[in-house]
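This report concerns the fold of one protein chain. The sequence and model are shown first.

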Amino acid sequence: MKVLVCIKRAIDYNVHIRIADDGSGVITDGVKHSVNPFDEIALEQAIRWKEAGRVDEVVAVSIGAASCDDQLRTALAFGCDRAIRVEPGAAVAPLTAARVFAALADAEAPDIILMGKQAIDDDNGQTGQMTAALLGWPQATFASTIELGESAARVTREIDNGLETLDVDLPAVITADLRLNEPRYLKLPNIMKAKKKTIEQSSLEALGVTPDISLRVTRTTPPRVRRPGIMVDSPETLVSELKNKGLL
């Protein structure tokens, strides 16, 4: 069985996000980037399957410039067998990413495409669903548990009202939620070995993918600054403050 894990380079979740003065977007120069946390969970799940003998090959793929090689080497340090970077040449919308992953699925013939449910930089949460639609494969999104069988998978997914369990035939697209697992800490020897491994190169043109330009960000603004809260020493003071604010 073969798993294709899609990962994205995103600003590290511990970094304080800053907006450019002209509102053109988020400042990324000189900022620490990491594997998108939900994609890291997908990586961990694929490697656990491999270690358990359920999966024979795990291939990591990312779309981006040469800077994405750092995140792909992280995937190799996790235990991925191969890594592929697709050069986009421009900003990548969810539909473009889905077309890339669909084209790679045609070339690689994986049994499962596994990715995070969303990226923490844009929070679109669309790529997995679009990929499944383009391929005509079943999908199971927001997975909190996955039971992998020979030709099908049972996926428990988180929904607004609780949990839902689906049986999906393989091949399928599955997106990982936060509770699926806790990614491991990488060992230094594995990190050093990953630095010596080759990352395969491709491009949108080589895959026959036309970039989707239907979405354009016109301006980025930070959230409004909230006034700090206050501590009150009695119910009377609380009522008074609420009245002053017009809430009572």
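This is a predicted model: local features need pLDDT of at least 70, side-chain atom pairs count only at pLDDT 80 or more; totals for chains, interfaces and linings use all residues.

Residues are numbered from 1 along each chain as its sequence is written, and side-chain values rest on heavy atoms, without hydrogens and water.

An open sheet of mixed pairing is built from nine strands, in the order β9-β8-β7-β10-β6-β1-β4-β5-β11. Strands (E, at least two residues) and helices (H or I, at least four) are DSSP runs numbered from the N terminus; two strands pair if DSSP finds at least two bridges between them. β9 (162–169) and β11 (200–203) are the edge strands; each has a single partner strand, so one side of each lacks a neighbour in the sheet. On average, neighbouring strands are turned by 35 degrees against each other, direction ignored. β7 (139–148) and β10 (172–176) are parallel, paired over three bridges, and A140 has I174 in β10 as its bridge partner.

Angles run from 0 to 180 degrees between N-to-C directions of lines fitted to C-alpha atoms, for helices over the stretch in contact.

| Helix | Strands | Angle |
|---|---|---|
| α2 (69–78) | touches β4 (57–63) and β5 (82–87) | about 160 degrees to β5 |
| α4 (127–135) | lies across β6 (112–116), β7 and β10 | about 160 degrees to β6 |

Q45 belongs to helix α1 (37–51). Its relative accessible area is 8%, so Q45 is buried; buried means under 20%, exposed over 50% and partly exposed in between, with a 1.4 Å probe and protein chains only. Leaving aside residues up to four places away in sequence, Q45 touches L114, I146, L180 and N181.

Note on methods: Contact means heavy atoms within 4.5 Å.
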